[in-house]
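Visitor: Hi, I have a protein open on my screen and I would like to go through it slowly. Could you help me read it?
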Amino acid sequence: MLAATPPCDVFLAPAGWPGYSQPMPGRINRSALAGEIGATARLAWPIVLTNLAQIAITTTDVVMMGWLGPDALAAGTLGANLYFAFFVVGLGLAMAPPALMAQALGRKRHAFAEVRRSLRMGLWLVALAMAPVMVALWFAGPILLALGQQPALVDGAADYVRAMMWGLVPFLWFMVLRGFTAALERPRPALAVSLAGILFNAFSNWVLMFGNLGAPALGLVGAGISSTASAVLMCAALAAVCVRARPFRRFAILGRLWRPHWRRLGELARIGAPIAGALFFEVTVFNAAVFLIGLISARELAAHAIAIQLASVTFMVPMGLGQAATVRVGLAAGAGDAAGVGRAGWVALALGTAFMATMALLFLAAPDVFVAGFLNMRAEGAAEVAALAARLLGLAGLFQIADGAQTIAAGALRGLKDTRVPMLFAGLGYWVFGLPTGALLAFLAGWGAYGIWVGFVVGLGIVAALLVSRWARREALGLVRRRHPAPAQSASGSEGAGSFREYSMAQNMPPW
C-alpha cells in the first residue's frame with residue numbers, strides 16, 4: 001500500500017523565533033501537523049466537491065446515453081474519449097497558473113500584480129493552444145474511422161463531438177479561474193457554480209436529448225449542445241464572481257486583459273506543457289483502451305464505459321486533494337518553509353490513500369449495487385452489459401489506492417514546479433508497461449476487456465511508486481530550498497498568519 005504512512009517532519013524553526021516553540025530534537029511538531037491537516041481539509045473539501053460536481057455532469061450524460069440504448073452509449077463513449085484525448089492538453093496548461101500564484105502569495109501577501117499576470121497569461125495560453133485542437137475535433141469522424149472503429153458508431157460519435165467542442169475553451173477558462181480561487185484558498189464559488197452546472201446540464205439534456213417541452217429529440221447531439229451551454233454559463237458565472245466579490249476583486253483580473261506578458265506566458269508553458277504531457281499519457285492510455293475494447297464488441301465497450309465512469313467518480317477525491325496539495329505546497333515553498341512543504345504533501349497523500357482504500361473495499365464487496373443505476377435493464381443486451389461492468393468494477397478496486405497516490409504526488413510536485421520528470425514517469429508506466437500488458441492479455445490470452453483492465457493496474461502501480469518516491473526525495477533532488485522566513489510570511493499549517501486566507505479573514509473579508 002503506497003504512501004499509507006507519511007514520514008514525520010521535524011520542526012526546524014530556530015530557537016527564540018517569535019511565535020514558535022522549539023521542540024526537542026527529533027520531536028514532531030504535532031501542532032503544525034494538526035494545523036496542516038485542518039488547512040488541507042478546509043481547502044480540499046470544496047475542491048473535491050467541485051470535482052465531483054464536474055464529473056457528475058459527465059455521469060449524467062453517460063446515464064442518459066444509456067437510456068437511449070447500448071449502441072448510443074457506445075457511440076457517445078467513443079466520441080467523449082476522443083474529445084478528452086485533446087481536452088487534457090488544455091487541462092494540463094490550465095493547471096500551471098495555481099502553482100505560480102501560490103508561490104507568489106507565499107512570498108508576499110500583496111502579490112496582486114503577480115497573481116493577475118499569471119491568471120491573464122493562463123487564459124491566453126489555453127486559448128492559443130486550443131485553436132488547432134478545435135480544427136482536429138471537427139474531423140472526429142475520419143479520425144475514428146482511421147482508428148478502426150465501427151462505422152455504425154462513428155457517425156453518432158462525430159456528431160456528439162462537433163456539438164460539444166464549442167464549450168472547450170470556455171470550460172478551460174473556468175478551470176483557470178477556479179485555480180485562481182483555489183490559490184487564494186477560497187474555492188467555494190467554483191463549487192457553487194459547478195453545482196448549478198449539474199442542474200442546468202441535466203435539465204437541458206432532458207429537453208434536448210429526448211425532445212421534451214416541445215424541443216426536437218436530438219439524442220447525442222442534444223447532449224453535446226447541453227455540455228457546451230453548461231461550460232459557457234459556468235465560465236461566465238465564475239468570472240462575474242471573481243470580478244465583483246471580495247476578496248477576488250482586489251486582484252482586478254480583467255485589468256490589462258489584452259496586454260501580453262511573454263516571459264510569464266513562456267514560464268506557464270514550460271510548467272504546463274509537461275503537465276499536459278503527463279495527463280495526455282494517462283488519459284490517452286484509457287482512450288486507447290476504449291478503442292481496443294471497441295474492436296472486441298459494443299457490449300464490452302458499454303460495460304467498460306459504466307465501470308470507468310464509477311472509478312472516475314472516486315478519483316475526483318484524490319484529484320481534489322492533489323489540487324489542494326499544489327496550493328499548500330506552493331504557499332510553503334514560496335515562503336521558504338521546507339518543513340511546511342513536507343507536511344503539506346504527506347498529509348494530502350495520507351488522506352487520499354485512506355479514502356481510496358475505503359472505496360476499493362466497497363467496489364470489491366458490492367459491484368452490482370454500483371452498476372444497477374446505469375442501464376435500462378429492459379433494453380436488449382442490458383443484462384449482459386451489467387454483468388460485464390460488475391466484473392470490471394471489482395477489478396477497479398485493485399488500482400484505487402495507486403491511482404489516488406499518483407495523482408496526489410503529482411499535485412504536490414506541481415507545487416514545487418516539478419513537472420518534467422513526472423511526465424516521463426507517466427509515459428513509462430502507462431505506455432511502456434500498462435497498455436502493452438493489457439493488450440497482450442486482451443487479445444493473445446483472450447481475456448477481453450478484463451485483460452485491458454489488468455494493464456491499468458500495472459501501469460498505475462508503476463507510476464504511483466515512481467512519483468511517491470520522487471516526492472520522498474524532493475530535498476535530495478534539490479526541489480526544495482530551506483530558509484526560515486519571518487512568521488508573518490509563513491504559509492504552512494497553523495504557525496503565524498501567513499496564508500492569504502488568514503490575511504483576508506483578518507481584513508474582515510467574507511468566508512468565500
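Visitor: Is Thr50 buried or exposed?

Guide: Thr50 is buried, with a relative accessible area of 1%; here buried means under 20% relative accessible area, exposed means over 50%, and partly exposed lies in between, using a 1.4 Å probe and protein chains only. Please keep in mind that this is a predicted model, in which local features need pLDDT of at least 70 and side-chain atom pairs count only at pLDDT 80 or more, while totals for chains, interfaces and linings use all residues. Residues are numbered from 1 along each chain as its sequence is written, and side-chain values use heavy atoms, with hydrogens and water left out.

Visitor: Where does Thr50 sit, and what does Thr50 touch?

Guide: Thr50 belongs to helix H1, residues 30-68, where helices (H or I, at least four residues) and strands (E, at least two) are DSSP runs numbered from the N terminus. Setting aside residues up to four places away in sequence, Thr50 touches Arg178, Pro187, Ala190, Leu191 and Ser194, a contact being heavy atoms within 4.5 Å. A polar atom of the Thr50 side chain also lies 3.3 Å from the backbone nitrogen of Leu191.

Visitor: Stepping back, how many helices and strands are there?

Guide: The protein has 17 helices and 0 strands, and 59% of its 512 residues count as buried.

Visitor: Which residues touch the most other members of the largest nonpolar core?

Guide: They are Leu168, Phe180, Trp453 and Trp471, in a core of 151 residues; a nonpolar core is a set of buried Ala, Val, Leu, Ile, Met, Phe, Trp, Tyr and Cys residues joined through side-chain atoms within 4.5 Å. Beyond its neighbours within four places in sequence, Leu168 is in contact with residues including Tyr83, Phe87 and Met130.

Visitor: New topic: how many salt bridges are there?

Guide: The count comes to 8 salt bridges, each being a side-chain nitrogen of Lys or Arg within 4 Å of a carboxyl oxygen of Asp or Glu. In one of them, the side chains of Arg264 and Glu114 meet at 2.8 Å, N to O. Arg264 lies in helix H10 and Glu114 in helix H4, so this pair ties together parts that are 150 residues apart in sequence.

Visitor: And are those two buried or exposed?

Guide: Arg264 counts as buried at 9% relative accessibility, whereas Glu114 is partly exposed at 28%.

Visitor: Which residues are linked in a network of salt bridges?

Guide: The network links Glu114, Arg117, Arg264, Glu267 and Lys417. Lys417 forms a salt bridge with Glu267, with the closest N and O atoms 3.6 Å apart. That pair links distant parts of the chain, with Lys417 in the loop between H14 and H15 and Glu267 in helix H10, 150 residues apart.

Visitor: What is the phi of Lys417 near?

Guide: Phi of Lys417 is near 60°, a positive value in a residue other than glycine. Phi of Glu185 is near 60° too, and Glu185 lies in the loop between helix H7 (168-183) and helix H8 (188-210).

Visitor: Last one: where is there a cis peptide bond?

Guide: A cis peptide bond, with omega about 0°, joins Arg246 and Pro247. You can find Pro247 in the loop between helix H9 (220-244) and helix H10 (262-294).

Methods. Polar contact = N/O pair within 3.5 Å; in protein donor to acceptor, adjacent residues only side chain to side chain.
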